[in-house]
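Me: I would like to go through the terms used for this model and see what each one rests on. Please set each value against its cut-off.

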Amino acid sequence: METNLRIVYISALFLLLAPSIIAQPVVFDITKYGGAPNGDLTSSLERAWKAACESTSASKVFVPKNTYNLRQIELNGPCKAPIELHIEGNIVAPKDPNQFDADAQWVRFGYVDSFTLSGGATFDGQGSTAWKQNNCHKTWNCKKLSMNFGFNFMNNSIIRDITSKHSKHVHVNVLGCRNITFNKFSIEAPAESPNTDGIHIGRSTQVKILHSDIGTVDDCISLGDGSRQVTVEDVTCGPGHGISVGSLGKYEYEEPVEGLIVKNCTFKNTDNGVRIKTWPGTLVDIPVSRLRFENLVMINVTNPVIIDQEYCPWNQCSKQTPSKVKISRVSFNNIRGTSTTKEGMILVCSSGVPCEEVKFSNINLIFQGTPAIATCKNIKPQVFGNVPICTP
C-alpha cells in the first residue's frame, strides 16, 4: 500500500513539474556567437537570431549585462517556434545619421509570431548629431531620420521592461501588427530632440500600451490610420504633445480608426492632453469612432482636451473645404487637473460632417484657480455631471 502511494505521489509530482520542464526555452547566448562587451554586436546577434529562429522549440537569445555597439539591423521571421530576445545590457547606436537608410529603423523586427523583447535593456539612439540636421518640425520637405525601433507585421508579441533613449527621430513605429503589448516601456528624449514621437501605431489591431513612462518632444503616443482596438492604460506622458488620434485625412486610401481606450493616465507639462486631429481640404472620408478617454489627470497641460478638424500645420492645406473625416461615438469621462490655457476644452469639428454622439461627464479642469472653459464649433456634445459649458 505504501509503495502504491509513493508511486501515485511521484506521478502527481511529475505531472505538476512537467509543464515547467517542457516550457524551458533553448538558450542562444550571444557570447557563443562572438558577442563581446564594448564590441560590435551586429553580426553576432544576426547569427544567434538565425539559429534561434530555426529552432523547433521555444528559444531565447540572451545578451548578458554590459554595453554593446549595434549597427542598423533587421531581425525577421517567420520563426519555427516562439522566440525571445532577452537583453540585459545597454545597446548603443552609431552617432552618424548617414550610417542609416533614410527613415528606416535602427532595430527592426518583422514577420514574427509569438515574440518577446525583454531584459531591462536601454537602447540609446545617440541622436544629438542628427537633431541638429532635423528641420521636419518646420517643413514637410525635410530629410527623414532613423527611428529606434520598428515592429512590422508582428503577431502575439510582448515588449516589456525596455527603454528607448535619444532616438534620432520617432522612437517606435508599429505597423501591420496584431496583438502586440508594450508593458513597462520607457521613452526618454531631451528638449532639443525635435519630432521624437514616442510610439506611433498604424494599420494595427489589438495594441496595448501599459504601465509605461513616455517623455518626448512630440506625441507620446499617436494613432495613424487603420488603428483598431488600442488600449492605453496607466501611462505617464510628459513632456510631449500628449496622446493623439491622427493626424488623419491627408492621404488617399487611409483606413478607419476605431476602438481606442485611454484610461488611468497622467499628463505632465504637455502641449496637449488627449487630441483628435484631421486635415481639411482633402477628399479622404474615413470614419473615426468608438473612442473612450477616462480617468485622466492633467498637470499643467496646454489644451487638455482638443478636437481639431482644421489641423493644418505650416499652412500646408486649404481650410476652405472642411475635413471629410467623420468623428462619432466618442466619450470623455472623469478628466481633472490644471490647464495652462483658459480653454481647457477646444472642440472644433468639421462643418461638412459635424461630430456626433460625443459625450462628456465630470470634467474638472482649473486655469489659474478658476474653472477652465470650453469652446465648441460644429458639435452638440452630450453633457453629464460637471462639464464646462460650450461657447462658440
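**Terms and values**

Me: Why is S157 called buried?

Reply: S157 has a relative accessible area of 2%. Buried means under 20% relative accessible area, exposed means over 50%, and partly exposed lies in between (1.4 Å probe, protein chains only). S157 therefore counts as buried. This is a predicted model, in which local features need pLDDT of at least 70, side-chain atom pairs count only at pLDDT 80 or more, and totals for chains, interfaces and linings use all residues. Residues are numbered from 1 along each chain as its sequence is written, and side-chain values use heavy atoms, with hydrogens and water left out.

Me: Where is S157 placed, and what is it in contact with?

Reply: S157 is in strand β11 (residues 155-165); strands (E, at least two residues) and helices (H or I, at least four) are DSSP runs, numbered from the N terminus. Contact means heavy atoms within 4.5 Å. Leaving aside neighbours within four places in sequence, S157 is in contact with V112, S114, F115, N179, I180 and T181. From S157 to R178 the C-alpha distance is 8.3 Å, at 21 residues apart in sequence.

Me: Why does S212 count as buried?

Reply: The relative accessibility of S212 is 5%, and the limit for buried is under 20%, so S212 counts as buried. S212 lies in strand β15 (residues 205-214). Beyond four places in sequence, its contacts include F182, F185, D234 and T236.

Me: What makes a set of residues a nonpolar core, and how many residues has the largest one?

Reply: A nonpolar core is a set of buried Ala, Val, Leu, Ile, Met, Phe, Trp, Tyr and Cys residues joined through side-chain atoms within 4.5 Å. The largest here has 92 residues, and F109 and F151 have the most contacts inside it. Strand β21 (residues 287-301) gives the largest share of this core, six residues. Among the contacts of F109 beyond four places in sequence are W49, L75, F115, F149 and F151. In soluble globular proteins, nonpolar side chains tend to be buried together.

Me: How do you know that β17 and β19 pair?

Reply: Two strands pair if DSSP finds at least two bridges between them. Strand β17 (residues 228-237) and strand β19 (residues 257-268) have seven, in the parallel sense, so they pair. T236 stands opposite T266 in β19. β19 and β21 pair over 10 bridges, also parallel, with K263 opposite E294 in β21.

Me: Why is the protein called as compact as a globular protein of its length?

Reply: There are three helices and 29 strands in the protein. The radius of gyration, taken over C-alpha atoms, is 24 Å.

Me: Which residues have pLDDT under 50?

Reply: Residues 7-21 stay under 50 and have zero contacts beyond four places in sequence. pLDDT is the predictor's confidence in each residue, from 0 to 100. Where pLDDT is low, the predicted coordinates should not be read in detail. The protein averages 92.

Note on methods. Rg over C-alpha atoms; globule rule 2.2 N^0.38 Å.
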